[in-house]
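Please keep the sequence and the model in view while reading.

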Amino acid sequence: MLLTLLLIALEVLFIAALLPGKWSETAMQKEAQMIEMISGREHRDQVLGNATSWYTASLVDTGVWRALYQMLIPEDHLREKSVIKADGWFGIVESRLTAIQQSVYLIFVRVSLLFTWLPYVPLLLLPALWDGLMTWKIKKTNFDYASPILHRYAIRGSALVAVLTMISFMMPLPIAPIYIPIALMFSVVAVGIAAGNLQKRI
C-alpha cells in the first residue's frame with residue numbers, strides 16, 4: 001500500500017512538472033477562494049498560515065529546494081564558463097521546478113485543511129460507535145441478522161475514501177474543500193455500520 005502511494009505521488013509530481021507554468025498557481029488560488037467562500041477568510045488565513053509554516057520549515061529552511069536547484073541549475077558564473085550555452089533549457093527546468101514547488105505547497109494546504117477538521121471527528125465518531133455497538137448488542141439478544149457483507153463493505157468503503165483522499169491531496173487540480181468534511185462524515189458513518197454488524201458471539 002505504501003509503495004503504491006509512493007508511486008502515485010511520484011507520478012503526480014511528474015504530471016505537475018509537465019503542466020503549464022501557471023497551472024498549479026491557479027489551482028492554489030482557486031482553492032483558497034473556495035475555502036474562503038465555504039468557511040470564511042479567517043479560516044482560510046489559518047489554513048494558509050499553517051501550510052506556509054510547515055512548508056517553510058520542512059523544505060525551505062532545511063535547504064531541500066536550494067539543493068535541488070543547485071543540482072539541476074548551475075550558478076551564473078559556471079554557465080558563463082561553459083562552452084555550451086543552454087540558458088533556454090535552464091529556464092525551462094526552473095519553471096518546472098517552480099510548478100513542482102507549487103504542487104507540493106498545495107499538498108501542505110490540503111493537509112492543513114484536514115487538520116482543522118479533525119477536532120470535530122470525535123464529536124461524530126463517538127455517537128456513531130455508540131449507536132453501532134448498541135445495535136450490535138441488541139442483535140446479540142434477538143434474531144436480527146448481523147451482516148458480514150455490510151461489515152466488510154463498510155470497512156472497505158472507509159479505507160477507499162482514505163486512499164482517494166490521499167490521492168486527491170496530491171493532484172495539482174483545484175478540489176472543493178467541502179470534500180474533506182464529507183469524506184470524514186462518510187468514514188464515521190461507515191465505522192458505525194461496521195460496528196453494528198460485527199459477528200455475533202453469544
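## Charge pairs, core and surface

Glu-36 counts as partly exposed because its relative accessibility is 23%, where buried means under 20% relative accessible area, exposed means over 50%, and partly exposed lies in between (1.4 Å probe, protein chains only). The model is a predicted one, in which local features need pLDDT of at least 70 and side-chain atom pairs count only at pLDDT 80 or more, while totals for chains, interfaces and linings use all residues. Residues are numbered from 1 along each chain as its sequence is written, and side-chain values use heavy atoms, with hydrogens and water left out.

**Salt bridges.** Side chains of opposite charge can pair when their charged atoms come close. The structure holds four salt bridges, a salt bridge being a side-chain nitrogen of Lys or Arg within 4 Å of a carboxyl oxygen of Asp or Glu.

| Pair | N to O distance |
|---|---|
| Glu-31 and Arg-110 | 2.8 Å |
| Glu-36 and Arg-41 | 3.2 Å |
| Asp-45 and Arg-44 | 2.8 Å |

Glu-31 pairs with Arg-110 in a salt bridge. This pair links distant parts of the chain, since Glu-31 belongs to helix α2 and Arg-110 to helix α6 (residues 87-117), 79 residues apart; helices here are DSSP runs (H or I, at least four residues), numbered from the N terminus. Both Glu-31 and Arg-110 are buried. Glu-36, Arg-41, Arg-44 and Asp-45, for their part, are linked in a network of salt bridges.

The buried residues of α3 are His-43, Arg-44, Val-47, Ala-51, Tyr-55 and Leu-59. Seen down the axis of α3, these buried residues fall within an arc of 100°, so they line one face of the helix; the arc is that of the directions from the helix axis to the C-beta atoms. On the other side of α3, Arg-41 and Glu-42 are exposed.

The largest nonpolar core has 18 residues, of which Tyr-55, Leu-59, Trp-65, Val-104, Tyr-105, Phe-108 and Val-109 touch the most other members; such a core is a set of buried Ala, Val, Leu, Ile, Met, Phe, Trp, Tyr and Cys residues joined through side-chain atoms within 4.5 Å. Helices α2, α3 (41-60) and α6 each supply at least two residues of this core, and α6 gives the most, with eight residues. Apart from residues up to four places away in sequence, Val-109 touches Ile-35, Val-47, Leu-48 and Ala-51, contact meaning heavy atoms within 4.5 Å.

**Helix α8.** Ser-158 lies in helix α8 (residues 148-169) and is buried, with a relative accessible area of 16%. Leaving aside neighbours within four places in sequence, Ser-158 is in contact with Phe-186, Ser-187 and Ala-190.

**Nonpolar surface.** Met-37, Ile-38, Tyr-120, Leu-123, Leu-124, Ile-178, Ile-182 and Met-185 make a nonpolar surface patch of about 840 Å². Patch residues have over 30% relative accessible area and no salt bridge, with like charges joined within 9 Å and nonpolar side chains (Val, Leu, Ile, Met, Phe, Trp, Tyr) within 5 Å; accessible areas come from the Shrake-Rupley method with a 1.4 Å probe, and for residues only the protein chains shown count as cover. At least two residues of the nonpolar patch come from each of α2 (23-39), α7 (121-141) and α9 (179-196). Met-37, which lies in helix α2, counts as exposed at 72% relative accessibility.
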